[in-house]
Amino acid sequence: MDSLTSLTSFVRTAETLSFVQASRLLGISASAVGKNVARLEQKLGVRLFNRSTRNVSLTTEGAALLTRCKAILEQLQEAESALASSAAEPAGRLRVSLPAAGYRLLLPALPAFTRHYPQIELDLDFSDRLVNIIDEGFDVAIRSGELADSRLTAKRVGHFRFLLCASPAYLNNSGVPASADDLAEHRCIFFRLPATGLLQTWELQGLRPGAEPRAASVLTVNNIEAAIGLSLSGMGISYLPDFAVRDALAEGQLKEVMQGCCTQQGHFSAVWPSGRYLSARVRCFIDFIAESGLAL
């Protein structure tokens, strides 16, 4: 407990850069705060603060320790809160990162989620860039594909498949392809993956794995919504995840081309920092999304 007291005194002093302000926050004397910090410095064998008669500032070692200590104290506070109010309704701000087209997945499930958990304040960030969940302060992210960061934990929450689609107007004007070879007579809309800059592979029956289909002409975009918009306007054939064009297909604005020819399937995962205590709001969000099933 002495170590925890010293760490708490250090963090509050580092946040306020004042032993007096830290003492007010902790409800103890400034002298006690100073002794706690000095005890920690002696134990670690490093100086954590530069002290003068007017100012207090963190040393390089102090700044490095602050990042770790804040995470530790946050976990302790969350654990205490969970134990003290295990029966209470999950509440608070929840920051979630999703791909730009993720609103097509999540929005249908959100009304039911907010009815179940009205005290949770959702902060949704839709972006195709690969966000740094830990450094950017997200509680959880919804991602597709395999997990590459060993600092993260993932739980699969849904699945999807790819398909080829085009507008009825385009197909009426250009004809309907029956095989991968027929694409050589058509305009194709390719998607460039924002995270890598590589083109999304079209995995089709009759097409050698890793090979790009031949096309009469090509359009390339790095945004799924742009690919959908181009397809809707009759600009060509797109290779897209089914959830992104679910509504357009249902309304007849797009038609699936060469049905069943796409061999690629994918999955969605909820991702969060490994080793971090899951607050009630994060846990209930992950469980709810998993039970809802992010799929077409």
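Start by selecting Met258, which lies in the loop between strand β10 (255-257) and strand β11 (265-273). Helices (H or I, at least four residues) and strands (E, at least two) are DSSP runs, numbered from the N terminus. The model is predicted: local features need pLDDT of at least 70, side-chain atom pairs count only at pLDDT 80 or more, and totals for chains, interfaces and linings use all residues. Residues are numbered from 1 along each chain as its sequence is written, and side-chain values use heavy atoms, with hydrogens and water left out.

**Stop 1**

Is Met258 buried or exposed? Met258 is buried, with a relative accessible area of 10%. Buried means under 20% relative accessible area, exposed means over 50%, and partly exposed is in between (1.4 Å probe, protein chains only). Met258 also has a positive phi of about 50°, although Met258 is not a glycine. Most residues other than glycine have a negative phi.

Ala180 sits in the loop between α7 and β7, and Ala180 counts as buried because its relative accessibility is 9%. Along the sequence Ala180 and Met258 are 78 residues apart, while their C-alpha atoms are 8.6 Å apart in space. Leaving aside neighbours within four places in sequence, Ala180 is in contact with Leu204, Gln205, Gly206, Leu207 and Met258. Contact means heavy atoms within 4.5 Å.

**Stop 1: Leu204 and the cores**

Which residues does Leu204 touch, not counting residues up to four places away in sequence? Leu204 touches Leu164, Ala180, Leu183, Tyr239, Cys261, Cys262 and Thr263.

Next, display the largest nonpolar core, which has 58 residues. A nonpolar core is a set of buried Ala, Val, Leu, Ile, Met, Phe, Trp, Tyr and Cys residues joined through side-chain atoms within 4.5 Å. The residues with the most contacts inside the largest core are Leu164, Trp202, Leu204 and Phe285. Strand β6 (residues 152-166) gives the most to this core, with seven residues. Another core, of 16 residues, lies apart from it; to find this other core, select Val11, Leu40, Leu48 and Leu73, which are among its residues.

**Stop 2**

Select Ile237, in strand β9 (residues 237-241). Ile237 has a relative accessible area of 0% and is therefore buried.

His186 is found in the loop between α7 (168-174) and β7 (187-191). At 4% relative accessibility, His186 counts as buried. With residues up to four places away in sequence left out, His186 touches Tyr170, Ser174, Gly175, Val176, Pro177, Ala215, Ala216, Ser217 and Ile237.

**Stop 3: Ser127**

Go to Ser127, in the loop between β4 (120-126) and β5 (140-144). Ser127 is buried, with a relative accessible area of 19%. Apart from residues up to four places away in sequence, Ser127 touches Leu98, Pro99 and Ala100. How far apart are Ser127 and Leu219, C-alpha to C-alpha? Ser127 and Leu219 are 22 Å apart in space, and 92 residues apart in sequence.

**Stop 4: Leu17**

Select Leu17, in the loop between α1 (2-16) and α2 (19-26). Leu17 has a positive phi of about 50° and is not a glycine. At 40% relative accessibility, Leu17 counts as partly exposed.

**Last view: the whole protein**

Clear the selection and zoom out. The protein has ten helices and eleven strands. Its C-alpha trace spans about 85 × 40 × 30 Å along the principal axes. The radius of gyration is 26 Å, whereas a compact globule of 296 residues would have one near 19 Å. This radius is taken over C-alpha atoms, and the globule rule is 2.2 Å times the number of residues to the power 0.38.

Colour the residues by burial: buried residues make up 41% of the 296 residues. Among contacts between residues at least 6 apart in sequence, 74% join residues at least 24 apart.
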